[in-house]
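Have the sequence and the 3D view open side by side, and let us walk through this fold together. We will begin with the chain as a whole and then turn to its strands, its core and its surface.

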Amino acid sequence: MAFAPLTVLYLGPEGTWSYVAACEYTKTLIKSSTTLQPTTTIHDALSILSSSSPSSKMVAIVPTTNTTSGPVTDTLSNLPLHDNLELISTITIPIVHSLLTSSPSATAASIKVIYSKSQGENVRMRECENVRMCGCETV
């Protein structure tokens, strides 16, 4: 029996939390009939899905809520632009952030600067408090 291929759009590149969610979604599907397709933005994922043919087998995995920062505004502001889309499922992925250093002798107290994406601002501040580095710069 042949299955129609399913395309799963996600906010890429491979390795992002959206990619992890897409992989989780496809765990129970037949892998040979599933293609993961990264998109550059949430808007791109929703636009591609919205303009696809109803007969095409396509879904988009986009973040709606971030446990550290609340609603994902890019998704929430783009959804109303595509009135033909509907929510069919939710996937919860536990997000883990790690504090890394290249120096084997580094201690939490010796860290002066933390580099992170802007979405990680709340996480950075909480980690600074957790390891008593409140004086470090965040970039």
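Predicted model: local features only at pLDDT ≥ 70, side-chain atom pairs only at ≥ 80, totals over all residues.

Residues are numbered from 1 along each chain as its sequence is written, and side-chain values use heavy atoms, with hydrogens and water left out.

Let us start with the overall layout. The chain has 4 helices and 7 strands; helices (H or I, at least four residues) and strands (E, at least two) are DSSP runs, numbered from the N terminus. Read from that end, the order of elements is β-α-β-α-β-β-β-α-β-α-β. Of the 139 residues, 26% count as buried, where buried means under 20% relative accessible area, exposed over 50%, and partly exposed in between (1.4 Å probe, protein chains only). The accessible surface of the chain comes to about 9,500 Å², and 56% of that belongs to carbon and sulfur atoms; these areas come from the Shrake-Rupley method with a 1.4 Å probe, and for residues only the protein chains shown count as cover. Contact means heavy atoms within 4.5 Å, and among contacts between residues at least 6 apart in sequence, 61% join residues at least 24 apart.

Now find strand E1. It pairs in the parallel sense with E2 over 6 bridges and, also in the parallel sense, with E3 over 4 bridges; two strands pair if DSSP finds at least two bridges between them. On the E3 side, Thr7 has Met58 as its bridge partner, and Val8 has Val59. On the E2 side, Tyr10 stands opposite Pro38. Why is E1 largely enclosed by the rest of the structure? Because 5 of its 6 residues are buried.

In E2 (residues 34-39) you will find Thr34, which is buried because its relative accessible area is 17%. Beyond its neighbours within four places in sequence, Thr34 is in contact with Leu6, Val8, Thr26 and Leu29.

Which residues make up the largest nonpolar core? It has 9 residues in all: Leu6, Val8, Tyr10, Tyr19, Ala21, Ala22, Val59, Ile61 and Ile93. At least two residues of this core come from each of strand E1 (6-11), helix H1 (17-26) and strand E3 (58-61). A nonpolar core here is a set of buried Ala, Val, Leu, Ile, Met, Phe, Trp, Tyr and Cys residues joined through side-chain atoms within 4.5 Å. In soluble globular proteins, nonpolar side chains tend to be buried together. Setting aside neighbours within four places in sequence, the contacts of Tyr10 include Tyr19, Ala22 and Ile61.

Trp17, Val20, Ile95 and Val96 make a nonpolar patch of about 330 Å². Ile95 lies in the loop between helix H3 (73-78) and strand E6 (113-114), and Val96 is in the loop between H3 and E6. Ile95 counts as partly exposed because its relative accessibility is 37%, whereas Val96, at 56%, counts as exposed. Val96 and Trp17 are 79 residues apart in sequence and 9.7 Å apart in space, C-alpha to C-alpha.

Terms used. Patch = residues over 30% accessible without salt bridge, like charges linked within 9 Å, V, L, I, M, F, W, Y side chains within 5 Å. Salt bridge = Lys/Arg side-chain N within 4 Å of Asp/Glu carboxyl O.
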